Amino acid sequence: MTCRKLGRTLIYGAGAVGLALASCLLAAGERRAILARPQTARRLAQEGLLRTGLFGRAYAPPGRLDVVSTLDDLPAAPVDCVLVCVKSYDSGAAARDLHAHGPLVGPRTRFVLFQNGWGNAQTFARFFPPQAIYNARVITGFARPAPNRVEVTVHADAIHVGSLYGAGLASVEGLCAAVAAGGIPCRTAPEIARDLWAKMLFNCPLNALGALLGLPYGALAESEHARPVMEAIVREVFAVMGAAGYASHWPTASDYLPVFYGTLVPRTARHLSSTLQDLRAGKRTEIDALNGAVVALGEAHHVPVPANRVVYHLIKQLESQGGKTDDGRRTTEHAGLNLDV
């Protein structure tokens, strides 16, 4: 059995994305297991799962979702589909955890990575067959106002699911259909690499710079000082992408930038980056999978990426300070949405 028939599904991670997916599968009539931190597990077990926002209200009462805090609590039998919903910096730990619980992984187990940035599939491919690994591109925004509640805050396009390794899409058609039936548009995508790089082209110029300056996306686009930096970052992403043998939906940076400024930024103009939100909370950011991934690919393919390198190291410095400036204040006092675009 594969994800086409859905079968036994595990959602690995109960953050905003994991809860949103769980709510969709439950709304579609599926009973699923989710791996959550103990506090989240308790709230889900006691109060159920509530989704609100753009696609309406969906409530699953206590007992509808099988909640565990460790993989040891699951029956020792192969899972058909694992939806990986942890931060990109936890990809290695998640892959090792799943690999260590061998009875849960069978020859037909599929892993679908609902994560930001670049490099997550490559991390999982060190532990599992590449043909078993799929990526999801998510440009829907979620907030988690409570451990057992998720709100859909913004939606730009359907979730896309595909393989970087040429695996057939039939294995994930059932998953996409169930997510869509549960309320959030989702479909298979034969060119998922182009989608993932399109998201990198959006995140890399905005996330780090927005965090460093404490500005929403629209203000960055209006700044005569920020724009040259963002454009340099975009050009470097195109250079690295080409050197590594990948492509996106636009041939060159000159083709992309008018779309970036004219369409993509305006529809998310008021939002603050997830990098900024993580720093405000004193948490680790996903910069290693964003500008850090560009830096790593630049080094691997001998492509200079000075703009990406600078913002990457500045964010890493703020991380080392717990998200605080030198005078002890948080990087910004703004409140905003943790937007996973």
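Trainee: Leaving aside neighbours within four places in sequence, which residues is Met 200 in contact with?

Mentor: This is a predicted model. In it, Met 200 is in contact with Gly 117, Trp 118, Pro 205, Ala 289, Leu 290, Ala 293 and Val 294, once neighbours within four places in sequence are set aside.

Trainee: Which residues have the most contacts inside the largest nonpolar core?

Mentor: A nonpolar core is read as a set of buried residues joined through side-chain atoms. The largest one here has 49 residues, and those with the most contacts inside it are Met 200, Leu 206, Phe 238, Tyr 256 and Phe 260.

Trainee: Which elements give two or more residues to this core?

Mentor: They are helix 6 (192–213), helix 7 (217–222), helix 8 (226–243), helix 9 (253–264), helix 10 (274–280), helix 11 (291–300) and helix 12 (306–320). Helix 6 provides the largest share of the core, twelve residues. Another core lies apart from this one; it has 40 residues, including Ala 22, Leu 49, Ala 167 and Cys 176.

Trainee: Let us turn to charges. How many salt bridges are there?

Mentor: Side chains of opposite charge can pair when their charged atoms come close. The count here is ten salt bridges. One of them joins the side chains of Glu 30 and Arg 32, at 2.1 Å from N to O.

Trainee: Is Arg 32 buried or exposed?

Mentor: Arg 32 has a relative accessible area of 6%, and the cut-off for buried is under 20%, so Arg 32 counts as buried.

Trainee: Where do Glu 299 and Arg 309 lie?

Mentor: Their side chains meet in a salt bridge of 3.3 Å, N to O. Glu 299 is in helix 11 and Arg 309 in helix 12, ten residues apart, and the pair links distant parts of the chain. Glu 299 is partly exposed, with a relative accessible area of 48%, and Arg 309 is partly exposed as well, at 31%.

Trainee: How many residues apart are Lys 316 and Glu 319?

Mentor: They are three residues apart in helix 12, about one turn of the helix. Salt bridges that share partners join Arg 284, Asp 288, Lys 316 and Glu 319 into one network. Between Lys 316 and Glu 319 the bridge is 3.0 Å, N to O.

Trainee: What is the relative accessible area of Glu 319?

Mentor: The value for Glu 319 is 18%, which makes this residue buried. Lys 316, with 24%, is partly exposed.

Technical notes: Residues are numbered from 1 along each chain as its sequence is written. This is a predicted model: local features need pLDDT of at least 70, side-chain atom pairs count only at pLDDT 80 or more; totals for chains, interfaces and linings use all residues. Side-chain values use heavy atoms; hydrogens and water are left out. A nonpolar core is a set of buried Ala, Val, Leu, Ile, Met, Phe, Trp, Tyr and Cys residues joined through side-chain atoms within 4.5 Å. Buried means under 20% relative accessible area, exposed over 50%, partly exposed in between (1.4 Å probe, protein chains only). Helices (H or I, at least four residues) and strands (E, at least two) are DSSP runs, numbered from the N terminus. Contact means heavy atoms within 4.5 Å. A salt bridge is a side-chain nitrogen of Lys or Arg within 4 Å of a carboxyl oxygen of Asp or Glu.
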